[in-house]
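Open the model in your viewer and keep the selection tool at hand. Each stop below gives a selection and what to look for there.

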Amino acid sequence: MLDTFTEAEAWLDRFFDTHQRHRPVDATFMGVHGHDAELPDLSEQGAGDTLADVEALLAEIPESEGHGAEALDLRLAEGFLRGWRWELTGDHFHRGNPSLYTGEAVFGFLSLFLGHGGPLPHRVDAAARRLDAVPELLAQGREAMRSAPPAWTERAMRECEGALELFGDGVDALAEDLGLDSRLWRGPADRAARAVAEQLVWLDSELLRRPVDDVAAGDEGLDLALRHAHFLHEPADDIVAYAEAEMDQAAAWLREHAADFGADSPEEALAGLEDVHPDLDGYLRRYGEIWDSVRSLAEREGLLTWPAFPIRYVPRPRWVRAAAPYLYFLFYRSPAAYHRPPVHDYLVTPIDETLPVDEREALLRAHNDAVIRGNHVIHHGGIGHHVQNWHAFRAESRVGRVAAVDCAARIAMPCGGTMAEGWACYATDLVAEVGGLPPLEAYAERHSRVRMCARAVVDLQLHRGRMTLSQAASYYAERAGMSEAAARAESVKNSMFPGGAVMYLAGTDTIHDLRREMSAARGADFDLGTFHDDFLSYGSVPVRLIREDMLRREAHEEQPHAE
């Protein structure tokens, strides 16, 4: 009989093979290229085959004792499989979300050209084959969908608009940028575009007229996200109460300190952020300048090990500019865990002198220093996601290396969420703590705290059926100061993925708690940089589990995890 270690390794090999075969677009984003020419089979037969593989893995998962990376991976993989089974058998996702099909169709193509995807001839061939597979995938969606929330259908319709831009002029512009003959793709792209146009008509004329109001995942779906992905065991009512109390506290602080900036209200104070922005000539350069300054600050203060993995801030490529506003198109999309580029491109909003003066000024004010520093450098391109990804790619945990990789509509595995988003939000707190934010930007972080808490509340209340989508949007507008459009978009995103918003607050606050606990335990021997490196070395795994292990090791005086 095989020993437990070998059984665990063999089972995990099967787990990752199953994941990559049935979710080939995810595999491409991870940097695993054996399925680059495929799109997922979401037909009833394909879903049945996937479910059979999931059930077999769950039935045969080996027992594992101890605290090592394999034991952790078995625990996380089991939770992921439970969630996958729920998605395959229920109506919330596979049979209820038309955006699943449009998203995979579009990002099946995009995944091959956003980042490093292997040799160009391989990607060109794979792209043509994925384009050829688009009609069948969309037909599977029409077969599976009987009804859907109108907001989800409308999102799928917007994605169709983006797909038509991409598969039309976008494909030709990409071919030109790559020095290719666009005729390599024109036939498959035209067929894909016709299928997308047909899907758009069906969404508008049929599915939109078969609405359902309920967007709640229900107790089972929410429980799987909270307890088997994020490993949060508090009752949902307690999490809601905590989030609302924290939100009230942050909002009161904002009101109290608005006068520090000569303002009568937080809204008036925060409006001043837009006044500090680069001019047109310095716009793109400003990203790099702030990135360099934050890295220097982190190194000077000994906050952590900053990797030799540079970011290059570049304008969003012209071939995707028309499509991007309709899609889940990220400025910073995490590098592939495998097959990484030496320099990662961060795709910023292009602003040039050809734009009308008013539009240009509005964009520069929207992309002010606070947005560049807080969102595009600290949270995403610097000490937040980018540095955390570098550490994750070197983790002992195989799940931890890939869980937080960005895919078509969400990260590869929900269990990576509290680390990925919790760390990025904590990183902003950390930079503020060491004086890295101007006073008004530090003030604005309390407003970010309000929004983070509001997201946790909406997430839990939506999926327990205690809020409708319209009520969630109103809550965001009233409690978090979001615009009507932003509030609605955030509510729709929350409604699709249970547990996808509470992870920000849960992750951030657990990191703060763990730091206080470790500092108290080590006293004068506590070193902040060592703590952060040790914490990040676990990879993209639930922060609650990292906390358990670090406190356990501290109690037993074991060596740091990173060693």
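Predicted model: local features only at pLDDT ≥ 70, side-chain atom pairs only at ≥ 80, totals over all residues.

**Core.** Select F109, L110, F167, W185, I383, M413 and F535. Within the largest nonpolar core, which has 175 residues, these seven touch the most other members. In soluble globular proteins, nonpolar side chains tend to be buried together.

**Cysteines.** Now select C407 and C415. How far is the sulfur of C407 from the closest cysteine sulfur? That sulfur belongs to C415 and lies 12 Å away. Because a disulfide requires the two sulfur atoms to be within 2.5 Å, this separation is too far for a bond. Seen from C415, the closest cysteine sulfur is that of C407. The disulfide count for the model is zero. C407 is buried at 2% relative accessible area, and C415 is buried too, at 3%.

**Loop between α9 and α10.** Go to F231, in the loop that joins α9 (218–228) to α10 (236–257). Its phi is positive, near 60 degrees, and the residue is not a glycine. Most residues other than glycine have a negative phi. Is F231 buried or exposed? F231 is buried, with 7% relative accessibility.

**Loop between β1 and β2.** Finish at H339, located between β1 (311–315) and β2 (344–348). H339, also not a glycine, has a positive phi of about 65 degrees. With 36% relative accessibility, H339 is partly exposed.

Terms used. Residues numbered from 1 in each chain as written. Heavy atoms only, no water. Core = buried A, V, L, I, M, F, W, Y, C linked by side-chain atoms within 4.5 Å. Buried < 20%, exposed > 50% of the residue type's maximum accessible area, 1.4 Å probe, protein only. Helix = DSSP H or I, 4+ residues; strand = E, 2+ residues; numbered from the N terminus.
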